[in-house]
Amino acid sequence: MGLFSESVDVSCAPDGQPQSLQWNGTTYAVCAEPLRWYERRQWWAEESRAPLGSGPGVVDHEIWRVQVLPANTSGREPPFPEPLTLDLTRHIRSGRWRLLRIHDALHPTTA
């Protein structure tokens, strides 16, 4: 599993769920139901204080685990490539997305 932080462009459904993303010059389509959770971030290292009652965006950050395939694989004959499993985070205030983790042994930068 790779752990890093890299900017990605994510397109979402009206409910905020990721549908596709652009990373490393390739467009990927989400091919399975994504999972969402929140993790504590080290806000004390980034902010002088957290306002009372604060939560998402200050204390927690939103994480999405998605499985994706290159968008150009739809309609192709088997064998299909293995999906990539990625963890993405969305910065609540700015709406920017970052790729945090790659869970598969091979990914486009090393394949």
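A salt bridge here is a side-chain nitrogen of Lys or Arg within 4 Å of a carboxyl oxygen of Asp or Glu. The model shown in these close-ups is predicted, so local features need pLDDT of at least 70 and side-chain atom pairs count only at pLDDT 80 or more, while totals for chains, interfaces and linings use all residues. Residues are numbered from 1 along each chain as its sequence is written, and side-chain values use heavy atoms, with hydrogens and water left out.

**View 1**
The side chains of Glu62 and Arg90 form a salt bridge, with 2.9 Å from N to O. Glu62 sits in strand 5 and Arg90 in strand 6 (residues 84-90), so this pair ties together parts that are 28 residues apart in sequence. Strands are DSSP runs of E with at least two residues, and helices are runs of H or I with at least four; both are numbered from the N terminus. Glu62 also has a salt bridge with Arg36, where the closest N and O atoms are 3.1 Å apart. Here strand 5 (residues 60-70) holds Glu62 and strand 4 (residues 35-40) holds Arg36, so the link spans parts that are 26 residues apart in sequence. How accessible are these residues? Buried means under 20% relative accessible area, exposed means over 50%, and partly exposed is in between, using a 1.4 Å probe and protein chains only. Glu62 is buried at 2%, and Arg90 is buried too, at 18%. Arg36 is partly exposed, with 48% relative accessibility.

Arg101 belongs to strand 7 (residues 97-102) and Asp87 to strand 6, so the pair connects parts that are 14 residues apart in sequence. Both of these residues, Arg101 and Asp87, are buried. Through shared partners, salt bridges join Glu39, Arg65, Asp87 and Arg101 into one network.

**View 1. Who else does Asp87 touch?**
Asp87, in strand 6, is buried with a relative accessible area of 0%. Its side chain makes a polar contact of 2.9 Å with the side chain of His103. Such a contact is a pair of N or O atoms within 3.5 Å; within protein, one atom must be able to donate a hydrogen and the other to accept it, and residues adjacent in sequence count only if both atoms are side-chain atoms. Contact in general means heavy atoms within 4.5 Å. Setting aside neighbours within four places in sequence, Asp87 is in contact with Trp37, Ile63, Trp64, Arg65, Arg98, Leu99, Leu100, Arg101 and His103.

**View 2. The nonpolar core around Val66.**
A nonpolar core is a set of buried Ala, Val, Leu, Ile, Met, Phe, Trp, Tyr and Cys residues joined through side-chain atoms within 4.5 Å. In soluble globular proteins, nonpolar side chains tend to be buried together. The largest core in this model has 15 residues, and Leu21, Trp23, Val66, Val68, Leu86 and Leu88 touch the most other members. At least two residues of this core come from each of strand 1 (2-12), strand 2 (18-23), strand 3 (26-30), strand 5, strand 6 and strand 7. Not counting residues up to four places away in sequence, Val66 touches Pro18, Leu21, Val30, Pro34, Leu84, Thr85, Leu86 and Leu88.

**View 3. An aromatic pair, Trp23 and Tyr28.**
Searching the whole structure turns up 1 aromatic pair. Trp23 and Tyr28 make a tilted pair, 6.1 Å centre to centre with 40° between the planes. Rings of Phe, Tyr and Trp (its six-membered ring) pair if their centres lie within 6.5 Å; planes under 30 degrees apart count as stacked, over 60 as edge-to-face and the rest as tilted. Trp23 is buried at 2% relative accessibility, and so is Tyr28, at 3%.

**View 4. The loop residue Asn24.**
Asn24 lies in the loop between strand 2 and strand 3. Although Asn24 is not a glycine, its phi is positive, at about 55°. Asn24 is partly exposed, with a relative accessible area of 43%.

**View 5. Leu100 beside Ser5.**
Leu100 is part of strand 7 and is buried at 15% relative accessibility. Leu100 and Ser5 are 95 residues apart in sequence, yet 4.8 Å apart in space from C-alpha to C-alpha.
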